[in-house]
Amino acid sequence: MLASDQELEEAGNRLGERLLTTGRTVATAESCTGGWVAKVLTDRAGSSAYVLGGLVTYSNEAKQGLLGVTRKSLDEHGAVSEPVVREMVAGALVATDADVAVAISGVAGPGGGSDDKPVGTVWFAWGSSPASTVAVVKHFEGDRDQVRRQAVLFALQGVNNFVDEV
């Protein structure tokens with residue numbers, strides 16, 4: 001399933017409206033999506049009212065240095081894992097003082113996959129504190145662009161649902 005530009009725009013607008021109406025702010029911590037979630041959110045005029053910042057932490061060193069992800073989590077679980085995306089959310093919340101943060105780390109392809117983490121495996125987390133953070137793994141089909149588009153759409157929808165629930 002390819003997430004179209006229109007679907008991404010609509011999902012970004014829905015989340016932007018939800019953040020505005022609830023008076024909340026968001027920050028992103030992205031790896032495989034390379035800042036695409038932040039891009040979609042900031043495509044909308046006035047988004048500075050709810051987007052506080054975005055960190056693209058593609059390397060493990062950036063995850064550690066900018067977000068405080070622990071070497072232990074990276075060594076034991078790898079960058080594409082639940083513990084790492086949870087720590088990315090915590091780090092983004094601290095770095096930006098946002099109300100909600102979203103983190104994404106995955107294997108977009110075409111290479112880099114393994115038997116336990118094939119291409120298309122993407123971990124997501126979103127939350128407003130370590131205790132409220134929700135983590136989810138998804139497996140997307142398609143080429144690199146399709147995996148990344150689906151990941152962006154899923155992240156936007158997930159954060160929107162999270163904001164509705166808290």
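# A walk through the model

Start by selecting D145, which is partly exposed with a relative accessible area of 36%. On this scale, buried means under 20% relative accessible area, exposed means over 50%, and partly exposed is what lies in between, using a 1.4 Å probe and protein chains only. Before you move on, a word on what you have open: it is a predicted model, where local features need pLDDT of at least 70 and side-chain atom pairs count only at pLDDT 80 or more, while totals for chains, interfaces and linings use all residues. Residues are numbered from 1 along each chain as its sequence is written, and side-chain values use heavy atoms, with hydrogens and water left out.

**Stop 1: around D145**

Keep D145 selected and show the cartoon: D145 sits in helix α6, residues 144-165. Helices here are DSSP runs of H or I with at least four residues, strands are runs of E with at least two, and both are numbered from the N terminus. Next, pick G109: its C-alpha is 8.9 Å from that of D145, although the two are 36 residues apart in sequence.

**Stop 2: the cis bond at G109**

The peptide bond between G109 and P110 is cis, with omega at about 5°. P110 belongs to the loop that runs between β3 (100-106) and β4 (121-127). As background, most peptide bonds are trans, and most residues other than glycine have a negative phi.

**Stop 3: D97**

That brings us to another backbone feature. Select D97, in the loop between α5 (82-96) and β3. Phi of D97 is near 65°, a positive value in a residue that isn't glycine. Is D97 buried or exposed? D97 counts as exposed, at 64% relative accessibility.

**Stop 4: A151, back in α6**

Now return to helix α6 and click on A151. A151 is buried, with a relative accessible area of 0%. Show the side chains of T33, V122, F124 and F140: A151 touches these, not counting residues up to four places away in sequence. For a distance check, draw a line between the C-alpha atoms of A151 and W123, which are 9.0 Å apart in space and 28 residues apart in sequence.

**Stop 5: G34**

Go to G34, in the loop between β1 (26-30) and α2. G34 is partly exposed, with a relative accessible area of 40%. Setting aside neighbours within four places in sequence, G34 is in contact with V56 and R148.

**Stop 6: R44**

Where is R44? Look in the loop between α2 (36-42) and β2 (51-56). A polar atom of the R44 side chain lies 2.9 Å from the backbone oxygen of N13. Besides N13, R44 touches G16, E17, L20 and Y50, leaving out residues up to four places away in sequence.

**Last stop: zoom out**

Show the whole protein and colour it by secondary structure: there are 6 helices and 5 strands. Following the sequence, their order is α-β-α-β-α-α-α-β-β-β-α. The C-alpha trace spans about 45 × 35 × 25 Å along its principal axes. Of the 166 residues, 51% count as buried. Among contacts with a separation of 6 or more, 63% are between residues 24 or more positions apart.

The accessible surface comes to about 7500 Å², and 49% of it belongs to carbon and sulfur atoms; the areas come from the Shrake-Rupley method with a 1.4 Å probe, and for residues only the protein chains shown count as cover.

Technical notes: Contact means heavy atoms within 4.5 Å. A polar contact is a pair of N or O atoms within 3.5 Å; within protein, one must be able to donate a hydrogen and the other to accept it, and residues adjacent in sequence count only if both atoms are side-chain atoms.
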